[in-house]
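Please look through the model shown below before reading on.

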Amino acid sequence: MSFALGLAQAGYPHYMTPLEQAELFAQRAHEHGVTLLVFPENLMCPRELTTTELLQLAEPLDGEFAQGLCGIARTNALWIVFTMFQTNPAGGPPHNTAVVVDSAGHIRGSYCKCHLYNAHGVCESDRMGYGNELCHAIRTPFCTIGLGICYDLRFPEVARTLALQGCDLLIFPAAWHDGPNKPEHWETLLRARAIENECFVAGVCHAGERYVGISHVFDPLGNPLVQRSATSDLSVCDIDLQAADAARDAMPIFAHRRPHLYGALASRAPNVLRDGLQYE
């Protein structure tokens, strides 16, 4: 079975709202026969926002933004993955949430970003709240989807957990910060997650100036299917699920796993020793 995957490498919209920008991408995707359209992180933002503005922008899943995307999915007969800043039910900073909507406009799953990017002078935890549960596999008529958001990509446990749930396609919406080696890290980590889990991996990056602005899709052998750089544009590729079956038949790594050896490693993982000091 195969289907068409669309990557909407959106930036901050000019002369329109984020929903209007999403509608234009969805119309083009429909014209290209896309089944699943994926948007990057920060889709909800009209521009760079302060912490106060971000808190004011956040909405629940039944708010105007999410329901607007549901309407766009329904009108264009597309499944859509998008991100938004979701009101935190516990109060405090909002969650950075990825949402999956089906072609009838119904929300089929969501995931709150668990790993917040506190590095290189950026402190996401000052402006958004941690998610406390990894994504669960989301079943669709055409494949099984798993989600991570941006910095989650650097934690291989996320992708492996989803692969063990039977995901055929892992999707990482991102606003991957640019800088020395950052484009290479983005590409290498996406490719590695595909190879080590023998599944398709898509990374869709925001096209804003601060970010690497490159989107990728890799097949289960790590072959590139899409590499779109530096512009706000739509890319489309074919996802052939037989390629994943062939990769797993040729190299059955999941049958060769020895989970009883990994438990001790997992229990030590939260503590890292560096320069004689212990970091949590």
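**Rings, core and sheet**

Phenylalanine 25 and phenylalanine 39 are both buried, where buried means under 20% relative accessible area, exposed over 50%, and partly exposed in between, with a 1.4 Å probe and protein chains only. This is a predicted model, in which local features need pLDDT of at least 70 and side-chain atom pairs count only at pLDDT 80 or more, while totals for chains, interfaces and linings use all residues. Residues are numbered from 1 along each chain as its sequence is written, and side-chain values use heavy atoms, with hydrogens and water left out.

A search of the whole structure finds seven aromatic pairs, a pair being two rings of Phe, Tyr or Trp (its six-membered ring) with centres within 6.5 Å, counted as stacked if the planes are under 30 degrees apart, edge-to-face if over 60 and tilted for the rest. Phenylalanine 25 and phenylalanine 39 form an edge-to-face pair, at 6.0 Å centre to centre and with 90° between the planes. This pair links distant parts of the chain, 14 residues apart, since phenylalanine 25 belongs to helix α1 (residues 18–31) and phenylalanine 39 to the loop between β2 (36–38) and α2 (51–57); helices (H or I, at least four residues) and strands (E, at least two) are DSSP runs, numbered from the N terminus.

Tyrosine 151 and phenylalanine 155 have ring centres 5.2 Å apart and planes at 90°, so this pair is edge-to-face. Tyrosine 151 counts as buried because its relative accessibility is 19%, whereas phenylalanine 155, at 25%, counts as partly exposed. Ring pairs also link Phe3, Trp79 and Phe142 into a cluster.

Leaving aside neighbours within four places in sequence, leucine 147 is in contact (heavy atoms within 4.5 Å) with residues including Val81, Tyr111 and Ile171.

Six strands form an open sheet of mixed pairing in the order β5-β4-β3-β2-β1-β14, two strands being paired if DSSP finds at least two bridges between them. β5 (107–112) and β14 (233–240) stand at the edges with a single partner strand each, so one side of each is left without a neighbour in the sheet. Strand β1 (residues 2–9) runs antiparallel to β14 and is joined to it by eight bridges; alanine 8 has leucine 234 in β14 as its bridge partner.
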